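Please consider the structure shown below together with its sequence.

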Amino acid sequence: MPISAEVLAAALRVPTPRAGRFVGALIQATNEYGIDTPVRQAGFVAQVGHESQRLGTLEEPLDLPAERLPSLYPHAFRNQREALPYARNPEALANRIYAGQRGNGDESSGDGWRYRPRGLVRVWGRQEYLRYGDALGMDLVARPDLLATPVVASDAAAWLWKQRQCNRFCDVDDLNGMTRAFVDHLTGMAERYAAWILCCHALDVPARDAGY
């Protein structure tokens with residue numbers, strides 16, 4: 001079954017209007033980057049759906065209370081007292097936690113906020129914005145907000161999918177391999193498995209065990 005707003009809504013259990021914002025961009029991206037069979041499309045949609053909270057956000061949520069910050073970002077905060085000035089302050093927090101990494105300047109440079117995690121699969125840091133921009137043929141360093149649009153977010157995710165050869169894991173029902181290749185970790189596997197099964201069902205792919 002081809003991807004449509006109704007299929008995407010069923011696959012990710014989201015309202016059809018939300019799916020409709022992304023369906024054209026996802027169709028274009030899957031066509032362009034060779035995600036060209038139902039089982040591959042199911043894997044891709046399941047993964048980007050999980051990473052983006054079911055297409056609910058194209059930016060990392062950073063409006064966080066002080067008590068969560070030391071455990072989430074131990075490299076930046078030794079205790080809750082240090083975190084207090086950054087609580088519920090997304091711009092200040094991003095400038096703190098992403099400073100001096102992936103080509104970003106120091107905290108005062110503003111690069112942490114400027115190049116904060118965006119996209120269906122989170123891209124962050126000046127260096128990564130430059131790399132993705134070069135791959136997609138656009139200046140994401142000068143226009144970082146483009147990564148928070150459905151078209152560019154979908155293209156960036158599909159480009160990464162192709163670069164990391166994720167189709168080969170879909171073809172043999174290897175959810176662990178697909179996930180590790182795509183995002184470099186295996187967190188949230190129960191949720192990813194549930195999303196994979198839903199996406200397979202919505203796209204009329206026979207039931208899979210997904211190696212999980």
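Helix 2 and helix 9 cross each other with a right-handed geometry. On the side of helix 2, the residues in contact are R21, F22, A25, L26, Q28, A29 and E32, and they meet P150, V151, S154, D155 and A158 of helix 9. Sorted by class, this contact comprises seven nonpolar, two polar and three charged residues. Two packed helices are described by the angle between their axes and by the distance between those axes. For helix 2 (residues 16-32) and helix 9 (residues 150-163), the axes come within 8 Å and the crossing angle is roughly 35°. These values, like the others given here, come from a predicted model.

The wider setting of this pair is the fold of the protein chain. The chain contains 12 helices and zero strands, and its pattern along the sequence is accordingly written α-α-α-α-α-α-α-α-α-α-α-α. Along the principal axes, the C-alpha atoms of the protein chain fill a box of roughly 50 × 35 × 30 Å. How does the radius of gyration of the protein chain agree with that of a compact globule? Because a compact globule of 212 residues would have a radius of gyration near 17 Å, the 18 Å of the protein chain agrees with that expectation.

Attention may now turn to the space between the atoms. Rolling a probe the size of a water molecule over the atoms shows where empty space is left. The largest pocket holds about 910 Å³ of space. Its lining is made up of 32 residues, and those nearest the centre of the pocket are E51, E60, R122, W124 and H185. Which helices each supply at least two residues of this lining? They are helix 3 (38-51), helix 8 (126-136), helix 11 (175-183) and helix 12 (189-202). Helix 8 gives the most, with three residues.

In the whole structure, a search finds one cavity of 30 Å³ or more, and the largest cavity has a volume of about 30 Å³. The residues that line the largest cavity are I3, V7, L8, A11, V45 and L203. Helix 1 (residues 5-12) provides the largest share of this lining, namely three residues.

Key:
Residues are numbered from 1 along each chain as its sequence is written. This is a predicted model: local features need pLDDT of at least 70, side-chain atom pairs count only at pLDDT 80 or more; totals for chains, interfaces and linings use all residues. Side-chain values use heavy atoms; hydrogens and water are left out. On a 1 Å grid over the protein atoms alone, a cavity is a set of points where a 1.4 Å probe fits but cannot get out, and a pocket is an open set with protein on both sides within 12 Å along at least five of seven lines; lining residues have an atom within 4 Å of a point. Grid points are joined across faces, edges and corners, and a volume is the space filled by probe spheres set on the points. Helices (H or I, at least four residues) and strands (E, at least two) are DSSP runs, numbered from the N terminus. Axes are lines fitted to C-alpha atoms, for helices over the stretch in contact, and angles run from 0 to 180 degrees between N-to-C directions. A crossing is left-handed if the near helix is turned anticlockwise from the far one by less than a right angle, and right-handed if clockwise. Contact means heavy atoms within 4.5 Å. Ala, Val, Leu, Ile, Met, Phe, Trp, Tyr, Cys and Pro count as nonpolar, Asp, Glu, Lys and Arg as charged, and the others, Gly among them, as polar. The radius of gyration is taken over C-alpha atoms; the globule rule is 2.2 Å times the number of residues to the power 0.38.
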